[in-house]
Amino acid sequence: MAMWMRMLARTSRFAGVALVFGAFVVVTTPSAASAHGVGGIEATNYRTRVDSVDPVIPGVAVRAVDLGTRLELTNYRAEDVLVLGYDGEPYLRVGPRGAFENIRSPATYLNRTARPGEATEAIPATADSNATPRWRRIDDSQTVRWHDHRVHWMGRTDPPSVQRDPGREHLVQRFQVELRRGDTIIAVRGDVRWIPGPSPVPWVIGAVVLVALVIVASRFRHRTVFVAAALGMVATTEALHVVGSWGATTVGTGGRLGASIYAIGAVLIAVVALVWVLRRGLDRGAPLVLLAGLFLALAGGLTDVPALGRSGIPTTLPLDLARATVMTALGAGLGLAAVGGRRLRVPERTRNDAPPSGARV
């Protein structure tokens, strides 16, 4: 009994050190702390939905994409369709010649950020809603996507109805965005709703269990095989997480790669650590196990923790599977980091560093 108590105490200490270190890195690294989801898309409880386009014109379609952070207009007709800005001015144009933005429209600059107060300072003096449009090509396709402040909740805090009862669904606001085709005004209507997410508690408990399981299992005879299996499992689940995230956004490859670079790096380091542990043993591979565990816990776990309690997650995976990948990266990653850190401190005379049978030394 005393042996198990000592093991539990040490397990808690190592897990705590890894967790504190990981949280410190996330908080003090802005690029990592803001990388929830791919392409800058964060998990959310707000849902934007386009429910009508009036009048309906064949070949013209509008939908909300990227968890409601942008609208997408596709026009396969021979005549251009205009998106009207906040003052009713021509803002975007899309048709057979491609997609264009009006650099004289204030909306062109306001929509470059989710915080319009910041964008206002960047609006040039030449921007004028009443000025003759000056068009600049932004895409060769017949589809245009843009951030629109009319279709998402603009408050820095949740609306009062949500604050009073966050566990229920709420209609937050309705919106209308106008398009123009020739002399015809097309009204795009929809709403923004608060959809409460699940409790994150079971997922957090699952992550804690994984931390303890990895650390405790690393104390037994076949620790090398178990750590290798844990590395393979978490690398696979994190790769699945990245694939699901990539399919859930309309941003370009560069944006996806930039937002996923930490997670991709974590997977690659985990694979290298797995190969090294199998070939050279756990103790010789301890530095790589520590590094892989930290990267996985940070890039795939801590930065995506909000997904555990949100109803909207930027992924094509089933939502519970996506949450499970975050839980696995967080729990198994922290456990592996703790194991790697501990094996660095094991005295040489107490090491059992033999690789699995048949592996090269």
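**Close-up 1. Salt-bridge network of Arg49, Glu169, Asp191 and Arg193.** Arg49, Glu169, Asp191 and Arg193 are linked in a network of salt bridges, a salt bridge being a side-chain nitrogen of Lys or Arg within 4 Å of a carboxyl oxygen of Asp or Glu. The model is predicted, so that local features need pLDDT of at least 70 and side-chain atom pairs count only at pLDDT 80 or more, whereas totals for chains, interfaces and linings use all residues. Residues are numbered from 1 along each chain as its sequence is written, and side-chain values use heavy atoms, with hydrogens and water left out. Within the network, arginine 193 pairs with aspartate 191, their closest N and O atoms lying 3.5 Å apart. Both arginine 193 and aspartate 191 are buried (buried: under 20% relative accessible area; exposed: over 50%; partly exposed: in between; 1.4 Å probe, protein chains only). By the stated rule, the count of salt bridges comes to 17.

**Close-up 2. Salt bridge between arginine 145 and glutamate 72.** The closest N and O atoms of arginine 145 and glutamate 72 are 2.7 Å apart in this salt bridge. The pair links distant parts of the chain, with arginine 145 in strand E8 (residues 143-146) and glutamate 72 in strand E3, 73 residues apart. Strands (E, at least two residues) and helices (H or I, at least four) are DSSP runs, numbered from the N terminus. Arginine 145 is partly exposed at 35% relative accessibility, whereas glutamate 72 is buried at 7%.

**Close-up 3. Salt bridge between arginine 150 and aspartate 148.** A separation of 2.8 Å between the closest N and O atoms characterises the salt bridge of arginine 150 with aspartate 148. Aspartate 148 has a relative accessible area of 0% and therefore counts as buried. Side chains of opposite charge can pair when their charged atoms come close.

**Close-up 4. Cis peptide bond between aspartate 54 and proline 55.** The peptide bond joining aspartate 54 and proline 55 is cis, with omega about 0 degrees. Proline 55 is placed in the loop between strand E1 (46-54) and strand E2 (60-65).

Close-up 5. Aspartate 66, a residue other than glycine, has a positive phi near 55 degrees. This aspartate is found in the loop between E2 and strand E3 (70-75), and its relative accessibility of 5% makes aspartate 66 buried. Leucine 67, likewise not a glycine, has a positive phi of about 55 degrees. Leucine 67 also lies in the loop between E2 and E3, but is partly exposed, with a relative accessible area of 30%.
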